[in-house]
Amino acid sequence: MADGDIPEDANEHCPGTQSESAGKSDACEGCPNQEACATAPKGPDPDLVVIAERMANVKHKILVLSGKGGVGKSTFSAQLSFALAAMNLQIGLLDIDICGPSIPKMLGLEGQEIHQSNLGWSPVYVDDNLGVMSIGFMLPDPDEAVIWRGPRKNGLIKNFLKEVYWNELDFLVVDAPPGTSDEHISIVQCLGATGIDGAIIVTTPQQVSLIDVRKEINFCKKVGVKVLGVVENMSGLCQPLMDFKFMRTTETGEHIDVSERVREYLKEKAPELQNLIACSEVFDSSSGGAEKMCREMEVPFLGKVPLDPQLCKAAEEGRSCFIDKKCQVSAPALKIIIEKMIENNGFSSMLVDSA
């Protein structure tokens, strides 16, 4: 929406979707929204009152967005939720990626179902202080495709916000689908009156991703959502040298695994190299990556997370990357980013209160 209740593609002199003359005035002739405006119910949305009542017990709401898919947005949402819960905060994670709900797997909750009580839908809990809600818990078959148009998606998002009983929450983390479409407009409109603290935007370093992230930032500015910061994910492949697989290419182009020979050689001839971390650029970041883009668009840059195979494994296994030392390159980077987000946005006092 450009001005609250005026669609972006509306004709000049649009009376607004809530006007009694919506879809009926001379200015509406030929507008692509004419029929929808003429038949839409007028006046305040009664669902927003119910949503406001549900959200009254939620102190802070954070959206996690991305300009395009496959940049690690859901992985970041999951690890952010794990990290905040580990700080003794009450956390809810709401997955509104209707067509690609990966949060249940990334939280280790595959196969779980939603239960209903007299208070509403109960989230599925990882721990006592980390609850999750996703359409993934409603699908009879995890391989089933969700082929829904916008109104039905928006209806489910409203139901999540109206029906789910979170109890008291310090943070509600909302994992949104990529882009700036129906789900994004719906969540902003539904939560707008209750206060959205802002959005964290996840990207990868290359231009093809940053182009879309610029659109995401402009979307946030247009709808009045503060950008809490941008995270550059997959910022180079980093892992312990001894975890790499070493291959030798033959004259015929075959690859022969010589990993064991290389490791034995390093142990014998150069033991001091065994603890090194090897890094390599995966995406072209010669244009300056997310950090340069953030300076140009005047939004905070939170930091870089390397592409770590161990973090990918943690996400596949549905566990926190912070509970052991396996994610030795990604977990410290994520920790710094989350601490920076907390410090920069005045959330530090909550940590003292929860201690």
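I noted at the outset that the model is predicted.

Cores. I looked up the largest nonpolar core and found 43 residues in it. The residues with the most contacts inside this core are L63, L94, L161, I187 and I217. I then checked which element gives the largest share, and it is α7, with five residues.

L63. I listed the contacts of L63, leaving out residues up to four places away in sequence. L63 touches V174, I187, V188, I196, G198, A199, I200 and V225.

Helix α8. I took residues 259–269 next and asked which of them are buried. They are S259, R263 and L266. Viewed down the axis of α8, these buried residues fall within an arc of 60°, so they line one face of the helix. I looked for their packing partner and found β12, residues 255–257. On the other side of α8, I recorded E260, R261, Y265, E268 and K269 as exposed.

K221. I located K221 in helix α7, which runs over residues 207–223. I put K221 down as partly exposed, because its relative accessibility is 46%, and the range for that class lies between 20% and 50%. Apart from neighbours within four places in sequence, K221 is in contact with M297 and V299. I also took the C-alpha separation of K221 and G111, which is 38 Å; the two residues are 110 residues apart along the chain.

Terms used. Residues are numbered from 1 along each chain as its sequence is written. This is a predicted model: local features need pLDDT of at least 70, side-chain atom pairs count only at pLDDT 80 or more; totals for chains, interfaces and linings use all residues. Side-chain values use heavy atoms; hydrogens and water are left out. Helices (H or I, at least four residues) and strands (E, at least two) are DSSP runs, numbered from the N terminus. Buried means under 20% relative accessible area, exposed over 50%, partly exposed in between (1.4 Å probe, protein chains only). Contact means heavy atoms within 4.5 Å. The arc is that of the directions from the helix axis to the C-beta atoms. A nonpolar core is a set of buried Ala, Val, Leu, Ile, Met, Phe, Trp, Tyr and Cys residues joined through side-chain atoms within 4.5 Å.
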